[in-house]
Amino acid sequence: MPVSPAYHPDPRFIDLGPEFGDPVQAADFPQTLLRVRNNRAAKTVGLETLTDEEWLAHFGRFQPLPGQPGPIAMRYHGHQFRTYNPDIGDGRGFLAAQLRELPQAASLREGGGRENKNGRLLDLGTKGSGQTPWSRHADGRLTLKGGVREVLAAAMLESLGVPTCRILSLVETGEALERHDEPSPTRSAVMVRLSHSHVRFGTFQRAAYYGRKDQLETLLEHARSLYHPTVAPGDAPGFLGAVVERSAQLTAKWISAGFVHGVLNTDNLNVTGESFDYGPWRFLPHYEPGFTAAYFDNSGLYAFARQPEAVFWNLTQLAGCLKLIADTEPQVAALTEALNSFGPAYIRHLRAAFLNRLGVLSLSEAADQRLLDATLALLRDKGEALRWEPLFFDWFGGFSSGARALGGARGKIYQGEAFDAFRFALLEHEPDRPERLEHPMFSAEAPEEMLIDEVETLWSAIEQGDDWGPLHAKLARLNAARSAWRL
């Protein structure tokens, strides 16, 4: 099969052995209609040269890519809304391939190729690809609407500089699915995501549940060497500290983006601090700490402002697993210290994330904190009239954007005590790469948002008229926004 000569297969998951995953086969779908093909993501791993026919063969019928062993459903456990579930795993997905990011892609990514000079190890993981040993009598399928929603969530987050998987492919599969929580029958799809690691907190939890210190040690070395190579072999506290740092950064960027993941279970967080598996996600319509994304989150456990608490709780479960292989009191104490570094790291990353969103440089811890506090206060004060995303769009580039913001569509909103405090705090900070304001995006009246009404409108065009034009136009605008922000 022709692929780019730069394609580098590297199926490292197989090295872990059969106790971590099960060979499976994809479902035989009635149709394979290509709906979304992310060539920009494909190019980072050398797959952009595939013809559409080859694409469908690999990402619709799941013929293995060269050098890949075939699909593997991964084993893991997890706390789901803080109730432990030992009966989960890849129930409607599998690991389809592992391959290396190309060096030129690593150089363009934030942080560059520091993790590995050969590029990051990336996974092609599926959703909706059929039943596995962990399906628990479910059909193993994905609704087309669910796939479209994941495409939109990942594209919006990437445009805002949030660590996220990228949706590589969405293929409609021609089956009519019955679902209790949406109109049925509904259209079906299979999705492929390109992500940085399949190793979830729940992967460690499964080994700990069975008391398998040997598996924990194997997992630790696998994840340390591939994803956190600066950590010394066998250094469980050092590994936890690296995961805590990445998780704190991810959580801070979610908050700065006004993003609500919706289902922050331990099986939905991984060791690289990259978000994935977008089910009932939402972006804030306006500042609302108690806003929830999942209709079934009756207690608000995963509400917008409780996401840092949720991530910390999940990290505590990971620390508990690693404690089984921390053989000495100093190691246990070091695990606790690493875990407790989450709070300070989160605040530090939150300040940095809001500075990035406003396009200004750091001044000092105190000044940066003033700006963070003033920004949140202004968002709270103006509420629905301002929403969330327009503030960062209007004032991107710092106080020098004042004329653009005050003369724009929302100019009359910017007044009062909360705005005065925000303006003073912003005035202290110098712009960061102000040439970004020359991008045509900043001459528009409003930024790209991802509110639920627009999501439903995009889906309605597909559902009622099989019109994919609005979705692809939205994805193109989000890609332009990504270039404009250049976070």
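Predicted model: local features only at pLDDT ≥ 70, side-chain atom pairs only at ≥ 80, totals over all residues.

Residues are numbered from 1 along each chain as its sequence is written, and side-chain values use heavy atoms, leaving out hydrogens and water.

**The whole chain**

- The chain has 16 helices and 12 strands (DSSP runs numbered from the N terminus: H or I of at least four residues for helices, E of at least two for strands).
- Its radius of gyration, taken over C-alpha atoms, is 22 Å, close to the 23 Å that the globule rule (2.2 Å times the number of residues to the power 0.38) gives for 487 residues, so the chain is as compact as a globular protein of that length.
- The C-alpha trace spans about 65 × 60 × 45 Å along its principal axes.
- Of the 487 residues, 58% are buried, meaning under 20% relative accessible area with a 1.4 Å probe, protein chains only.

**Helix 6 and helix 7**

- The axes (lines fitted to C-alpha atoms over the stretch in contact) of helix 6, residues 213–227, and helix 7, residues 236–257, come within 11 Å and cross at roughly 55 degrees.
- Leu220, Ala223, Arg224 and Tyr227 of helix 6 meet Ala236, Phe239 and Arg246 of helix 7, with contact meaning heavy atoms within 4.5 Å.
- By class, this contact of helix 6 with helix 7 has 5 nonpolar, no polar and 2 charged residues (Ala, Val, Leu, Ile, Met, Phe, Trp, Tyr, Cys and Pro count as nonpolar, Asp, Glu, Lys and Arg as charged, and the others as polar).

Key
Axes fitted to C-alpha atoms, helices over the stretch in contact; angles between N-to-C directions. Buried < 20%, exposed > 50% of the residue type's maximum accessible area, 1.4 Å probe, protein only.
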